[in-house]
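The following report describes a single protein model, part by part. Please keep the sequence and the coordinates at hand while reading.

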Amino acid sequence: ESYPGVHMSDAIHDQRATSLAALQEAQELAKASSSALSVLRWSASKVAACSLRRSRLLEDKDTGPSLLSGRSGRHQDPASADHYSAECQALQPLRRIQRQLSLLEPSIPGPMRWLIHVMVNSRHDSQQLLRGMLIALAPFDFSVFHFDARSPADETALRYSRQRWFAEARVVHRGFVRGTGCILEALQTTVGWMLGQRRGVYSHLWKLDSDLDLSLLDLAAFRALVAHRAPFLSQP
């Protein structure tokens, strides 16, 4: 004879046990791998350099020297290749931790609906960083606050509007300076729109720094951790 209630209780218990084991293993991995992870120094420049070396290794292997890069046909320096390999090996503990975190049991009922808030200026580097965020976090809606523009007609705002990648991205809201253009004003603008015109649409607001590099982000792990811990406020 079947007892659905007992089976359901057992399933919940098994899921929670799996979740707890995943969290404990992630914590142990983090402790054990701290020295290995420190090799990368976790800077955006280090990640960028690692990515550049990888692209050059693949370029030399598959297509030969690049005419655009102006590099000669010399072979890749073995020492550089070994250094890249060592850095990638240092990433493996982080990826294992992220895989374990993605198994955590959610404590938040229902799906999470995110609105991402980011402040930008009109400089080229700021545009490229935002473009990278839009690509890395393509499933989410964005609220972009221009802290050097007072309206969409300002030249500093038009530098974004003219970009095809910006027009095609999921930028559902844009904010502009009305007073000082500070962080508080930016958040008040976004939260006011979120709880006013879009009340009930979003369950979470994710504030991102405009210079944040997302090369090492594992979105599944981050979402699982937030759903498991259910924090009032979190910053990756």
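H146 belongs to strand β2, where helices (H or I, at least four residues) and strands (E, at least two) are DSSP runs numbered from the N terminus. Because its relative accessibility is 0%, H146 counts as buried, a class that covers residues under 20% relative accessible area, with exposed meaning over 50% and partly exposed lying in between (1.4 Å probe, protein chains only). When residues up to four places away in sequence are not counted, H146 touches V120, A157, Y160, F166, R174, G175, F176 and V177, contact meaning heavy atoms within 4.5 Å.

## Basis of the values

The model is predicted, so that local features need pLDDT of at least 70 and side-chain atom pairs count only at pLDDT 80 or more, whereas totals for chains, interfaces and linings use all residues. Residues are numbered from 1 along each chain as its sequence is written, and side-chain values use heavy atoms, with hydrogens and water left out.

## The sheet

Four strands form an open sheet in the order β3-β2-β1-β4, and their pairing is parallel; two strands are taken to pair if DSSP finds at least two bridges between them. The edges are held by β3 (171-176) and β4 (204-208), each of which has a single partner strand, so one side of each is left without a neighbour in the sheet. On average, and with direction ignored, neighbouring strands of this sheet are turned by 20 degrees against each other, the axes being lines fitted to C-alpha atoms (for helices over the stretch in contact) and angles running from 0 to 180 degrees between N-to-C directions.

Strand β2, which spans residues 141-146, pairs with β3 in the parallel sense over five bridges. F142 stands opposite V171 in β3.

L130, leaving aside its neighbours within four places in sequence, is in contact with V118, V120, F142, V144, Y160, W165 and F166.

## Helix α9

The buried residues of α9 are L219, A221, F222, A224, V226 and A227. Where this helix starts, a side-chain oxygen of D218 reaches to within 3.2 Å of the backbone nitrogen of A220, and after the helix comes A230, whose phi is positive, near 50 degrees.

## Salt bridges

Six salt bridges occur in the structure, each being a side-chain nitrogen of Lys or Arg within 4 Å of a carboxyl oxygen of Asp or Glu. One of them joins the side chains of E155 and R162 (2.9 Å, N to O), and E155, R159 and R162 are linked in a network of salt bridges. E155 counts as partly exposed because its relative accessibility is 38%, whereas R162, at 54%, counts as exposed.

E168 and R164 form a further salt bridge, with the closest N and O atoms 2.8 Å apart, and both residues are exposed. In the salt bridge between D209 and K207 the closest N and O atoms are 3.5 Å apart; D209 is partly exposed at 33% relative accessibility, and K207 is partly exposed at 24%.

Conventions
Polar contact = N/O pair within 3.5 Å; in protein donor to acceptor, adjacent residues only side chain to side chain.
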